[in-house]
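Subject: Structure handover

Hello,

Here is the structure I said I would pass on. Please look through it first; my notes follow below.

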Amino acid sequence: MKRLPAPELPEWLAALVPFDRYRVEIEPGLAVHVMEQGKGRPVVLFHGNPTWGFLYRKVAAELHGEPFRLIMPDLVGLGLSDRPSSVADHTFENHSNWMSALLGQLDLADVIAVVQDWGGPIGLHALSRHPGVMTGVVVMNTLIEPPKPGFRPSLFHRVFSTRAGELLSRYGGLPQRALGFAQGDRKSISGDVARAYAYPLKRSSGNEAVAALVRMVADDMEHPTMALQAEVRDYVADFSGRSALVWGTKDPVLGRLLRRHERLLPEARVTTTSAGHFLQEEVPAEIAEAIRYVSG
């Protein structure tokens, strides 16, 4: 694997991510930004929308000095990863392909996957293309199976899947400037932390991924995401390694979905918390403990 240099960061932000940073070209003209910490068993931490690997910095701090190689990639179109040439490129299948290509270049084995939000279906679908590589998994506030018949998308998804939502994202900096409203403790994303989440998406063009990933969420039973979500469900249902669920029950979007994941992973160790959607900011110690548990 050839490592390409990572983009420079302003001093205030670089101080918050004291990691080895690099980029990996996954196809011509498209590179993924990756942050790493430590040596040992690989742990790949997949974030969701509209965040980036910065989301896992507190978890990394909890595990500093322990025998783990923490790998924190930014999804294509988010964070410091490259933007695809067309907004239409943002499909579940493409995101899975892109993360699968990254995993192939990293050439990993005996991987612990840590997933949240869109990082759940995208990361797990990508791993399913590398049979036997994932041997442990920590699942947090996500949906890794298709929605049930009769489901209704959340208000957030109904708004941000529209043209108006796209404009709110591009010119109003939403939802990336208001992540605290999804938290149990709204102060957990404020000040320079809130500034860091908004930083990669501060421009008015090139941040189409935020609205595009919302449109990837199924809004009816015929949505193209449904079939791939079913593949993720089957992959997880067949998984026999150690697993853990860490859930933020104050999440206004996904907090109520814990029971579904308990049924999907009946042997998982379950930790419930009063955190919100971005629980990595509120309960990093609990997440780190779950990683230690699945490392067995």
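This is a predicted model: local features need pLDDT of at least 70, side-chain atom pairs count only at pLDDT 80 or more; totals for chains, interfaces and linings use all residues.

F92 sits in helix α3, which covers residues 92–106. With a relative accessible area of 3%, F92 is buried. If neighbours within four places in sequence are set aside, the contacts of F92 are W118, P121, I122, H125, M216, T225, L228, Q229 and V232. The C-alpha atom of F92 lies 16 Å from that of I26, and 66 residues separate the two along the chain.

For α3 and α4, the angle is about 55 degrees and the axes are 8 Å apart. The two helices are therefore oblique to each other. The crossing in which α3 passes α4 is right-handed. On the α3 side the contact is made by F92, H95, S96, M99, S100 and L103, and on the α4 side by P121, I122, H125, A126 and L127. By class, this contact of α3 with α4 has seven nonpolar and four polar residues, and no charged ones.

Helix α4 (residues 119–128) packs against helix α9 (residues 225–237) at an angle of about 65 degrees, and their axes are 9 Å apart. Angles from 65 to 115 degrees count as roughly perpendicular, and α4 and α9 are therefore placed in that class. Here α4 passes α9 in a left-handed crossing. The residues that meet are P121, L124, H125, L127 and S128 from α4, with L228, Q229, E231, V232, Y235 and V236 from α9. Seven nonpolar, three polar and one charged residues make up the contact of α4 with α9.

How enclosed is α4 by the rest of the structure? Nine of its ten residues are buried, so α4 is largely enclosed. The buried ones are G119, G120, P121, I122, G123, L124, H125, A126 and L127. Their cover includes the helices α3 and α9, along with the strands β3 (41–46), β5 (111–116) and β6 (134–140).

**H47**

H47 lies in the loop between β3 and α2 (57–62). Its relative accessible area is 0%, so H47 is buried. Beyond neighbours within four places in sequence, H47 touches W52, G53, L55, Y56, P73, D74, L75, L78, Q116, W118 and G119. One of these, G119, is also among the buried residues of α4.

**The whole protein**

The protein has eleven helices and eight strands. Its radius of gyration is 17 Å, close to the 19 Å that the globule rule gives for 296 residues, so the protein is as compact as a globular protein of that length. Along the principal axes, the C-alpha atoms fill a box of roughly 45 × 45 × 40 Å. Of the 296 residues, 58% count as buried. Among contacts with a separation of 6 or more, 76% are between residues 24 or more positions apart.

Regards

Technical notes. Residues are numbered from 1 along each chain as its sequence is written. Side-chain values use heavy atoms; hydrogens and water are left out. Axes are lines fitted to C-alpha atoms, for helices over the stretch in contact, and angles run from 0 to 180 degrees between N-to-C directions. Helices (H or I, at least four residues) and strands (E, at least two) are DSSP runs, numbered from the N terminus. Angles under 35 degrees count as roughly parallel, over 145 as roughly antiparallel, 65 to 115 as roughly perpendicular and the rest as oblique. A crossing is left-handed if the near helix is turned anticlockwise from the far one by less than a right angle, and right-handed if clockwise. Contact means heavy atoms within 4.5 Å. Ala, Val, Leu, Ile, Met, Phe, Trp, Tyr, Cys and Pro count as nonpolar, Asp, Glu, Lys and Arg as charged, and the others, Gly among them, as polar. The radius of gyration is taken over C-alpha atoms; the globule rule is 2.2 Å times the number of residues to the power 0.38. Buried means under 20% relative accessible area, exposed over 50%, partly exposed in between (1.4 Å probe, protein chains only).
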